[in-house]
Amino acid sequence: MTAPAQAQPPSFTSDEFREALGMFATGVTIVTARAADGSLVGLTANSFNSVSLAPPLVLWSLARGAASMAALSTGSHYAINILAASQKELAERFATKDVDRWADVAFSEGVGGAPVLVGAAASFECFNRSRYDEGDHVIFVGEVERCTHNPGASPLLFHGGRFYTEHPL
């Protein structure tokens, strides 16, 4: 039997696909960078994953039409801040359009100027190694130059359109 040369059309709607994806619990991150003009860029993302230990690589994805695409695709560095359970308000703010996302946000200057959020469960300071166009998103692969973590921090989780924190089993 010969394998098909391409995927068959989906048998589901976009809403059904989104609902099914929502059943995968994820952590919540804020990806941050400093644009060429010095302005701060940041957005909430849950499309984060490890890629490789040697070299240390991580990935995340961004909608092609995102306002921050130009700054993130051309900049040399960004930081991926894994949020702690206490940072739910930040996750919501950095996912909202037309607000001052950076008002009263505590951060330190990371590699390449990327802001590293104070209180994050972990952070990965990345060189913007490569990008791949796929569907309506761009997949960013970052080479981690520095990482930190806060032992014992409770992570902020997202599942089925709601925020959670972990409970050990």
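Phe17 belongs to helix 1 (residues 14–21) and counts as partly exposed at 43% relative accessibility. Here buried means under 20% relative accessible area, exposed over 50%, and partly exposed in between (1.4 Å probe, protein chains only).

The model is predicted: local features need pLDDT of at least 70, side-chain atom pairs count only at pLDDT 80 or more, and totals for chains, interfaces and linings use all residues. Residues are numbered from 1 along each chain as its sequence is written, and side-chain values use heavy atoms, with hydrogens and water left out.

Seven strands build an open sheet with antiparallel pairing, in the order 3-2-6-9-10-5-4. Its edge strands, strand 3 (40–45) and strand 4 (48–52), each pair on one side only. Helices (H or I, at least four residues) and strands (E, at least two) are DSSP runs numbered from the N terminus, and two strands pair if DSSP finds at least two bridges between them. Strand 4 is joined to the antiparallel strand 5 (residues 57–63) by four bridges; Ser50 has Val58 in strand 5 as its bridge partner.

Within strand 6 (residues 77–82) lies Asn81, which is buried, with a relative accessible area of 0%. Beyond its neighbours within four places in sequence, Asn81 has contacts (heavy atoms within 4.5 Å) that include Val28, Ile30, Val116 and Leu117. The C-alpha atoms of Asn81 and Pro4 are separated by 40 Å.

**Salt bridges**

The structure holds six salt bridges, each a side-chain nitrogen of Lys or Arg within 4 Å of a carboxyl oxygen of Asp or Glu. Among them are the following.

| Pair | N to O distance |
|---|---|
| Arg34 and Glu109 | 3.1 Å |
| Glu92 and Lys88 | 3.0 Å |
| Glu143 and Arg129 | 2.9 Å |

Arg34 in strand 2 (residues 29–34) and Glu109 in strand 7 (residues 107–109) are 75 residues apart, so that this pair links distant parts of the chain. Arg34 is partly exposed at 27% relative accessibility, as is Glu109 at 47%. Glu92 and Lys88 both lie in helix 3 (residues 88–93), four residues apart, about one turn of the helix.
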